[in-house]
Amino acid sequence: MQADFDVAIVGSGFAGSLLALVARRLGLSVLLLEKGSHPRFAIGESTSPLANLLLEELATRYALPRLLPFAKWGSWRRAHPEMSCGLKRGFSFFHHTEGRPFASAPDRQDQLLVAASPNDEVADTHWYRPDFDAFLVEEAREAAAEYLDGTEIESAAFDSGRFRVDAVRRGKGISLRSRFLVDASGRSGALHDALGVRRVAPFLPSTQGLFTHFEGVRRLDEMGIPGGPEIPPYPIDDAAVHHVFPGGWIWILRFNNGLTSAGVAASDAFADAVGLARGEAAWKRLLGRFPTIRDQFEKARPTLPFVHAPRLPFRVDRAAGPGWALLPSAAAFADPLLSTGFPLALLGIHRLAEALEKDFATPRFDTRLAAYGALTLEEADRSARLVAALYGSFGDFPLFVELSKLYFAAAHFSESARRLGRPELAGSFLCGSHPQFGPALDACCRAALAPRDAKGRERLLADVARAVALVDLAGLLDTSRRNWFPAPPVSVSCAASSAPA
Ligand SMILES: Cc1cc2nc3c(=O)[nH]c(=O)nc-3n(C[C@H](O)[C@H](O)[C@H](O)COP(=O)(O)OP(=O)(O)OC[C@H]3O[C@@H](n4cnc5c(N)ncnc54)[C@H](O)[C@@H]3O)c2cc1C
């Protein structure tokens, strides 16, 4: 095996393998190091229209046609029926009160359905990560990236224009050199210490997570939810289902292999009250508080041990430096609430790919990395502020609905701008670089986190509506929808123009 590489990537989750593939397409030599092996369980499964568009753009731009089918449910099922995934037509939210069954308020004030796509063919997916990540790492190997699994990093140090990485593989020491070093190890932060990166307090209250995969989780529509004669904009379970309650929320993502990913993210106070660290017993205690969710899991059985994450959010002080970069998922994480992990990781891959393509091995490369690092943390903070504002409104669901429109409006706007060939109109995640929306979003989130009286709440709602109106291409301010929103125009026209492959 050669010992000197252009690019060394530590971590072969979907993001590390994808970056390895792109770098190979750019003609660079690539080393991909993984401490475990594939296939393996990984959390983080639900995509979004923007994430899938970013994947599609990477596949097209870097001549990776075998990745294209994964950007839509229909093409994925036809091209890879052997690989599991889930159907995601939208984002479903239901608000719960302890001790009471979910009742479907007549005015739909206790629910929010936001369609992402008009049909199954062009719908988003939940990635079954054991299959998807294993596929990507095989693609990277086939593209002649050097892949070493079962490898533990011992040290990494910059020396004469190159990083020297010392590692141990199956008890044997190995030493490798690389011009560019990437930490793609997610929250493990495998290279944080070696690169002198420090963890700092994220812009979020401390939250915990508990999750696993189940079989036998009932569909809500089979339980008579949402109820009433009207037909929802999509089948509510073919979605990322969010059960929201004061203190936290539960996610439910169904795969087509009979498995369902489910878990809870909750404030420390709530998590400690149900003893989240105690795994399955805590899960049962949690469900006991919410009769409808308990019924949904009545016959469910975990198929893997529960994982307790004692602290979900994290953030580092630097995301890049001369010759090195952290992928966004190794630099910060807020919460799974809005499925922001994938689009942020994919945006990071886009930016690093462009830096490699245009400026690798020139003095401009490090300047690009510095800009990448700053933008990565800026976007992480903006996402964290919005999540914090949403957590603060779990007890006031009508406010939660309006605040969440900031996310949906920005996401639809970004997707539309990119599809219309004007990505510069939405250069930063959540339209942060939009001259009016960016500051308005930040101001709304700050106001949502500040104490307020009834008048202050009305002012906040008006400010949020004004901010949403700046980028609302999806009709999210149309009150006649009563919290059920059909697929936005960009998605409908995309469906009309894409014939089944
Ligand atoms: C509870 C939870 C739910 C989430 N849900 C969603 C969601 O629904 N949608 C969404 O968009 N995002 C979600 N996320 C975020 C999502 O998980 C991440 O954005 C995504 O997994 C990042 O992928 P990655 O490839 O960068 O890192 P990872 O998936 O974390 O992969 C990192 C890889 O690095 C390897 N590794 C770790 N340490 C080392 C080491 N020392 N040496 C070598 N290799 C190492 C690991 O074995 C792994 O293979 C969620 C996160 C959490 C915590």
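User: How many residues does helix α2 have, and how far does it reach?
Analyst: This is a predicted model, and in it α2 covers residues 49–61, which makes 13 residues. From its first C-alpha to its last it reaches 18 Å, close to the 18 Å expected at 1.5 Å a residue.

User: Which residues in α2 are buried?
Analyst: Pro-49, Leu-50, Ala-51, Asn-52, Leu-53, Leu-54, Leu-55, Leu-58 and Ala-59.

User: What's the phi like at Ala-63, after the helix?
Analyst: Positive, near 50°.

User: OK, strands now. Which way do the side chains of β2 point, and are they buried or exposed?
Analyst: β2 runs over residues 30–33. Val-30 and Leu-32 point one way, Leu-31 and Leu-33 the other way, and all are buried.

User: How is β2 joined to β1?
Analyst: By four bridges, with β1 (residues 4–10) and β2 running parallel. One partner pair is Val-7 with Val-30 in β2. To get from β1 to β2 the chain goes through α1, and that β-α-β crossover is right-handed.

User: What about β2 and β7?
Analyst: Those run parallel too, joined by three bridges, with β7 at residues 146–148. Leu-31 has Glu-146 in β7 as its bridge partner.

User: There's also a sheet with β18 in it. What's the strand order?
Analyst: β11-β18-β21, an open sheet of three strands with antiparallel pairing. β11 (199–200) and β21 (332–333) are the edge strands, and each pairs on one side only.

User: How many bridges between β18 and β21?
Analyst: Two, in the antiparallel sense, with β18 at residues 314–316. Phe-314 has Phe-333 in β21 as its bridge partner.

User: Zooming out, what are the domains?
Analyst: The assignment gives domain 1 (4–45 + 128–202 + 318–375), domain 2 (87–127 + 206–309) and domain 3 (396–497).

User: How far apart are the centres of domain 2 and domain 3?
Analyst: Their C-alpha centres lie 24 Å apart. The contact takes 19 residues from domain 2 and 16 residues from domain 3.

User: Which element gives the largest share on the domain 2 side?
Analyst: Strand β5 (residues 111–115), with five residues. By class, the side of domain 2 that touches domain 3 has 10 nonpolar, five polar and four charged residues.

Key
Residues are numbered from 1 along each chain as its sequence is written. This is a predicted model: local features need pLDDT of at least 70, side-chain atom pairs count only at pLDDT 80 or more; totals for chains, interfaces and linings use all residues. Domain bounds come from an automatic or database domain assignment. Two residues are in contact if their C-beta atoms, placed from the backbone, lie within 7 Å. Ala, Val, Leu, Ile, Met, Phe, Trp, Tyr, Cys and Pro count as nonpolar, Asp, Glu, Lys and Arg as charged, and the others, Gly among them, as polar. The expected span of a helix is 1.5 Å times one less than its number of residues. A residue is buried if 20 or more other C-beta atoms lie within 10 Å of its own, exposed if 12 or fewer, and partly exposed in between; C-beta atoms are placed from the backbone. Two strands pair if DSSP finds at least two bridges between them. A crossover is right-handed if, with the strands pointing away from the viewer, the path from the first strand over the helix to the second runs clockwise.
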